[in-house]
Amino acid sequence: MIFWIYNILLIFLAPFWVPWMLWRAAKRDEKPNWKQRTGDLPIDPPRKGVRRVWIHAVSVGEVMAVLPILREVRKLDPGLQIVLSTTTSSGQAAAEERAEGLYDHLVYFPIDVPRFVVAAMSRVRPKALAIMESELWMNFLWTANQMGATTILMNGRISDRSYPRSMRIRPYYKAMFANLHQVLAQSETDADRFRELGFKTPVVVGNTKFDGAIDEARAGRDWRTELGIPAEASVVVIGSTRSELEENLILDALQGVDAYVVHAPRHVERAPKLAAEYKSKFGEVALRSSGDRSRYLVLDSYGELGEIYSIADVVVVGGGFDRLGGQNIIQPLAHGKPVIHGLHMENFKDVAASSVRVGASIAVDSATELTRSLNRLLGDEKERSERGGAARELVERNLGASRRCAEAIVEAARS
């Protein structure tokens with residue numbers, strides 16, 4: 001019954017969600033492939049004897065989290081054919097840049113309309129379907145189940161913000177979970193929430209972002225030279241800011257800090273405006289894409305931030321200075337860097353709490369506190385070293401989730 005109600009609502013609410021989706025896409029520099037989003041994927045059904053899996057990662061963050069899983073799947077079963085999908089154009093760009101050789105086909109995820117989903121699934125015909133984090137769609141899961149695929153949610157999480165809303169529509173989730181075979185959750189808290197919503201047997205495997213962060217931390221590229229930063233200079237790397245409010249807070253804080261700055265907004269389309277703010281406040285700035293050098297560099301590139309954290313003396317991570325749920329602090333922790341973030345880290349609640357508890361990160365809520373923390377850390381090598389050591393230990397204690405996810409995918413594909 002709920003399945004039919006969902007699809008009736010899709011039809012009647014189309015005048016609202018279709019323009020909203022088009023408006024969101026229009027704001028991005030690179031537009032999605034609408035032909036693929038309506039199910040017309042450039043893939044032939046697999047030949048007899050070919051085993052294929054479909055792995056879905058929404059955008060850049062999920063692509064980075066899925067990379068270690070893809071590597072493990074390739075190791076466990078090199079003959080398995082992998083279809084990787086993303087929803088956003090930025091996710092596609094990140095996959096093309098960072099996942100080369102780890103998939104056989106890269107496509108856009110179909111809109112969750114029955115006709116589109118059936119068309120896409122008929123092309124892919126996967127033995128297993130693995131979805132990252134919280135990207136659950138009724139028609140997509142139903143179609144996969146009807147076509148005999150084992151469906152797996154990897155890195156499963158339910159945030160503090162979405163949990164109360166999800167509980168209000170619990171029957172919807174319970175109906176959707178009827179077509180979901182496995183939930184591999186990030187934490188016990190997430191597992192408990194899945195149980196409350198109606199999935200009876202979630203398994204806690206950890207967060208694959210720890211494995212991905214370690215892989216990036218091992219990269220040996222000389223970023224100081226490439227970005228034109230003197231060897232003796234202090235460096236602050238700012239990652240994944242998401243709103244004007246928190247970017248203004250950070251820029252205000254930086255006016256009292258003597259350091260080179262590399263700043264990566266969460267969405268690259270914000271880069272020109274952010275660069276203009278730096279120019280206004282500091283008199284100089286460079287965009288990464290221009291190849292120019294400056295004391296203040298704004299990254300308008302995909303997939304580089306995780307490695308650039310390696311040159312930081314201190315890292316500032318956005319998403320938590322405004323009420324946006326926080327962004328990934330695991331990447332800089334894996335590099336052994338002390339991290340400063342805001343108080344609103346609901347999307348990374350367990351990681352942020354553990355990081356603060358062991359002394360790897362500091363939570364602040366104002367420009368004044370941020371200036372004070374930056375100057376103290378930049379001026380105290382011993383404290384930076386101690387906090388960096390705590391960061392590495394925290395990451396190393398949480399490795400292995402990607403292997404467990406990959407094993408589940410391969411086992412499902414062989415069944």
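**Notes on the voids and a buried helix**

1. Let's start inside: Met64, Ala65, Lys209, Gly212, Ala213, Glu216, Asn328 and Gln331 line the second largest cavity. Two elements each give two or more residues to that lining, α4 (60-76) and α11 (208-217). Of the two, α11 has the largest share of the lining, at 4 residues. Helices here are DSSP runs of H or I with at least four residues, strands are runs of E with at least two, and both are numbered from the N terminus.

2. A word on what you're looking at: this is a predicted model, where local features need pLDDT of at least 70 and side-chain atom pairs count only at pLDDT 80 or more, while totals for chains, interfaces and linings use all residues. Residues are numbered from 1 along each chain as its sequence is written, and side-chain values use heavy atoms, with hydrogens and water left out.

3. On a 1 Å grid over the protein atoms alone, a cavity is a set of points where a 1.4 Å probe fits but cannot get out; a pocket is an open set with protein on both sides within 12 Å along at least five of seven lines; lining residues have an atom within 4 Å of a point. Points are joined across faces, edges and corners, and a volume is the space filled by probe spheres set on them. The whole structure has 3 cavities of 30 Å³ or more.

4. The second largest cavity holds about 50 Å³. Its lining splits into 3 nonpolar, 3 polar and 2 charged residues (nonpolar: Ala, Val, Leu, Ile, Met, Phe, Trp, Tyr, Cys and Pro; charged: Asp, Glu, Lys and Arg; polar: the others, Gly among them).

5. The largest cavity comes to about 70 Å³. Glu244, Glu247, Asn248, Leu251, Arg270, Lys273, Leu274 and Glu277 line it. By class that lining is 2 nonpolar, 1 polar and 5 charged, and α13 gives the most to it, with 4 residues.

6. Now an open site: the second largest pocket has about 390 Å³ of space. Among its 23 lining residues, Gln186, Ser187, Asp190, Asp350 and Val351 are the closest to the centre. Both α10 (188-197) and α17 (349-358) supply at least two lining residues.

7. Why is α5 (residues 89-98) largely enclosed by the rest of the structure? Because 8 of its 10 residues are buried (under 20% relative accessible area with a 1.4 Å probe, protein chains only; exposed is over 50%, partly exposed in between). The cover over these buried residues includes α4, β2 (81-86), β3 (105-108), α11 and α15 (305-308).

Methods. Contact = heavy atoms within 4.5 Å.
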